[in-house]
Amino acid sequence: MKIAVYPGTFDPITIGHIDIAKRSAKLFDKVYVLVSTHQNKTMLFDPSQRLSMAQDALKDVGNIEVLAHDGLTLTRAKQLHACALIRGVRQLKDYEYELNQAMCNAYIDADIETVLLFADAKYAFVSSSAIKELARYHQPLKHLVSDMVADALNKAYQ
């Protein structure tokens with residue numbers, strides 16, 4: 001069984017994240033979406049909210065399981081018997097960051113591959129930061145996030 005891990009903070013999960021997760025689910029038998037904490041980022045939503053939103057957004061994909069995660073991603077990937085880490089890339093800046101992460105991860109554990117999936121062109125501008133900025137100024141979020149996420153953002157920025 002080929003297992004992959006797709007980690008991220010997902011603050012909040014966007015249509016771009018969902019697209020990468022669903023495309024990953026076509027490539028692997030099982031995909032664990034890890035909703036991670038990140039010590040260097042300030043989050044809008046707490047871990048349980050982010051977990052709930054990701055679970056709701058991906059509930060219809062049978063071979064995806066969404067889990068909370070705190071710690072080194074490679075350690076959790078090994079515990080889950082993953083052979084790959086999934087990373088989404090929207091632009092050159094993302095690629096440079098992910099290349100460095102992949103090399104660092106390979107140094108730690110060469111048995112877990114990093115798989116980069118490029119964003120669909122129609123989602124290349126979509127980031128959690130951009131979504132929060134749109135929500136802050138009460139711009140439409142339809143087709144960018146799930147209804148649950150849109151409701152949570154609207155409440156957060158009332």
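Reply: Lys 78 forms a salt bridge with Asp 109, the closest N and O atoms lying 3.5 Å apart; the term denotes a side-chain nitrogen of Lys or Arg within 4 Å of a carboxyl oxygen of Asp or Glu. Lys 78 belongs to helix α3 (residues 73-79) and Asp 109 to the loop between α4 (92-108) and β5 (113-118), so the pair ties together parts that are 31 residues apart in sequence. Helices (H or I, at least four residues) and strands (E, at least two) are DSSP runs, numbered from the N terminus. Asp 109 is buried, with a relative accessible area of 9%; buried means under 20%, exposed over 50% and partly exposed in between, with a 1.4 Å probe and protein chains only.

The model is a predicted one, in which local features need pLDDT of at least 70 and side-chain atom pairs count only at pLDDT 80 or more, while totals for chains, interfaces and linings use all residues. Residues are numbered from 1 along each chain as its sequence is written, and side-chain values use heavy atoms, with hydrogens and water left out.

Across the whole structure, nine salt bridges are found. One of them joins the side chains of Lys 30 and Glu 65, at 3.3 Å from N to O. Lys 30 lies in strand β2 (residues 30-36) and Glu 65 in strand β3 (residues 64-69), so this pair links parts that are 35 residues apart in sequence. The two partners can be set side by side: Lys 30 is buried, at a relative accessible area of 17%, whereas Glu 65 counts as partly exposed at 32%. Another salt bridge, between Arg 136 and Glu 133, has an N to O distance of 2.7 Å. Here both residues sit in helix α5 (residues 128-136), three residues apart, and are thus separated by about one helical turn. Arg 136 is partly exposed at 37% relative accessibility, and Glu 133 is partly exposed at 38%.

Seven of the seven residues of β2 are buried, so the strand is largely enclosed by the rest of the structure. In a regular strand the side chains alternate between the two faces of the sheet. In β2 both faces are covered: Lys 30, Tyr 32, Leu 34 and Ser 36 are buried on one side, and Val 31, Val 33 and Val 35 on the other. Six bridges join β2 to β1, and the two strands run parallel; strands count as paired if DSSP finds at least two bridges between them. Gly 8 has Val 35 of β2 as its bridge partner.

The largest nonpolar core has 36 residues, and Tyr 6, Ile 13, Val 33, Leu 58, Ile 64, Val 66 and Leu 153 have the most contacts inside it. At least two residues of this core come from each of β1 (3-8), α1 (15-27), β2, α2 (47-57), β3, β4 (84-89), α5 and α6 (147-156). Such a core is a set of buried Ala, Val, Leu, Ile, Met, Phe, Trp, Tyr and Cys residues joined through side-chain atoms within 4.5 Å. Leaving aside neighbours within four places in sequence, Leu 58 is in contact (heavy atoms within 4.5 Å) with Ile 13, Ile 18, Ala 21, Val 33, Ile 64 and Val 66.

The peptide bond from Asp 11 to Pro 12 is cis, with omega near 0°, and Pro 12 is placed in the loop between β1 and α1. Phe 10 is also found in the loop between β1 and α1; its phi is near 50°, a positive value in a residue other than glycine, and Phe 10 is buried at 3% relative accessible area. His 81, in the loop between α3 and β4, has a phi near 65°, likewise positive in a residue other than glycine. His 81 is exposed, with a relative accessible area of 63%.
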